[in-house]
Amino acid sequence: DPDVAESVVDAIRAACPGVVINLTTGVVGKDVSGPVACLRRVKPEVAACNAGSLNYLKIKDNGDWAWPPMVFDNPVEKVQQFLQVMQQCGTHPEFECFDVGIVRSVAMYLKASLFSGVPEYNLVMGVASGMPCDAELLALLPRWMAAGAVWQATLIGRAEIWPVHQKTAELGGMLRSGLEDTFYLPNGERARGNGELIEALAGCARRAGREVATPQQARSLLGLKPATTHP
């Protein structure tokens with residue numbers, strides 16, 4: 001709903017002037033009118049672009065499916081629809097990659113001129129039927145990215161995610177987390193909110209000898225325009 005998206009984003013921008021807004025576009029099926037309407041209304045600096053399809057599965061210990069097997073469908077035609085609207089809105093695409101083949105596809109999108117600018121990858125690890133949350137696998141993936149890319153890792157799970165967050169920091173990736181992906185802090189306690197998870201991520205960065213970027217520095221890294229005043 002673009003009205004809801006606008007009200008939420010306006011409130012965030014008012015509370016955190018200069019913050020970089022990144023909007024989701026994930027939707028199952030061919031009808032992309034909802035996320036497209038939100039992109040056009042909000043004109044975020046960044047938006048997610050799911051870069052390929054995945055059999056989205058999870059199975060219980062007793063052999064029953066946790067939910068009916070489904071396909072998270074992101075064919076090239078659908079990807080291209082989103083990229084065209086992002087280009088019209090001045091929005092930088094962040095490519096969500098759930099598997100190794102999807103990582104490799106992004107360079108093809110660039111070569112086919114479906115987008116321009118700094119290629120940005122979000123390596124989603126921990127979905128049961130996608131890439132596992134594994135530090136050794138993570139270390140291999142940058143070699144399959146387009147030249148000049150920046151990347152981050154979204155890690156889904158519990159205790160196993162934190163060594164991989166640390167590896168991300170050591171390899172030069174960007175750090176990302178939230179209650180959508182985990183409920184648990186490095187010490188095993190349940191997080192009371194996203195803030196605690198982000199504080200733990202900042203600790204990963206500092207242990208790797210890195211510091212958290214300001215919004216202005218992040219804009220430079222991603223090739224974004226300087227912050228502007230929004231109504």
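Here are some questions and answers about a predicted model.

Reader: How many residues line the second largest pocket, and how do they divide into nonpolar, polar and charged?
Author: Happy to start there! The space in the second largest pocket comes to about 540 Å³. Its lining is made up of 25 residues. By kind, the lining residues divide into 11 nonpolar, 10 polar and four charged.

Reader: Which residues lie nearest the centre of the second largest pocket?
Author: Look among the 25 residues of the lining. The ones nearest the centre of this pocket are E45, G90, T91, H92 and K225.

Reader: Which helix gives the most to the lining of the second largest pocket?
Author: Three elements each supply at least two lining residues: helix 3 (76–89), strand 5 (92–97) and helix 8 (215–222). The top contribution is four residues, and the element that gives them is helix 3.

Reader: Is E94 buried or exposed?
Author: You can find E94 in strand 5. Its relative accessibility is 1%. The cut-off for buried is under 20%, so E94 counts as buried.

Reader: Which residue's side chain is joined to that of E94 by a polar contact of 2.9 Å?
Author: Setting aside neighbours within four places in sequence, E94 is in contact with N22, V46, A47, A48, C49, E120, N122, Q152 and R176. The polar contact of 2.9 Å links the side chain of E94 with that of N22.

Reader: In what sense do strand 5 and strand 6 pair, and what is the bridge partner of F95 in strand 6?
Author: Strand 5 and strand 6 pair over three bridges, and the sense is parallel. In strand 6, the bridge partner of F95 is Y121.

Reader: Is V8 buried, partly exposed or exposed?
Author: V8 is found in helix 1 (residues 2–15). Its relative accessibility is 44%.

Reader: What separates the C-alpha atoms of V8 and V42?
Author: Along the chain, V8 and V42 are 34 residues apart. In the model, their C-alpha atoms are separated by 9.8 Å.

Definitions and conventions
Residues are numbered from 1 along each chain as its sequence is written. This is a predicted model: local features need pLDDT of at least 70, side-chain atom pairs count only at pLDDT 80 or more; totals for chains, interfaces and linings use all residues. Side-chain values use heavy atoms; hydrogens and water are left out. On a 1 Å grid over the protein atoms alone, a cavity is a set of points where a 1.4 Å probe fits but cannot get out, and a pocket is an open set with protein on both sides within 12 Å along at least five of seven lines; lining residues have an atom within 4 Å of a point. Grid points are joined across faces, edges and corners, and a volume is the space filled by probe spheres set on the points. Ala, Val, Leu, Ile, Met, Phe, Trp, Tyr, Cys and Pro count as nonpolar, Asp, Glu, Lys and Arg as charged, and the others, Gly among them, as polar. Buried means under 20% relative accessible area, exposed over 50%, partly exposed in between (1.4 Å probe, protein chains only). A polar contact is a pair of N or O atoms within 3.5 Å; within protein, one must be able to donate a hydrogen and the other to accept it, and residues adjacent in sequence count only if both atoms are side-chain atoms. Contact means heavy atoms within 4.5 Å. Two strands pair if DSSP finds at least two bridges between them.
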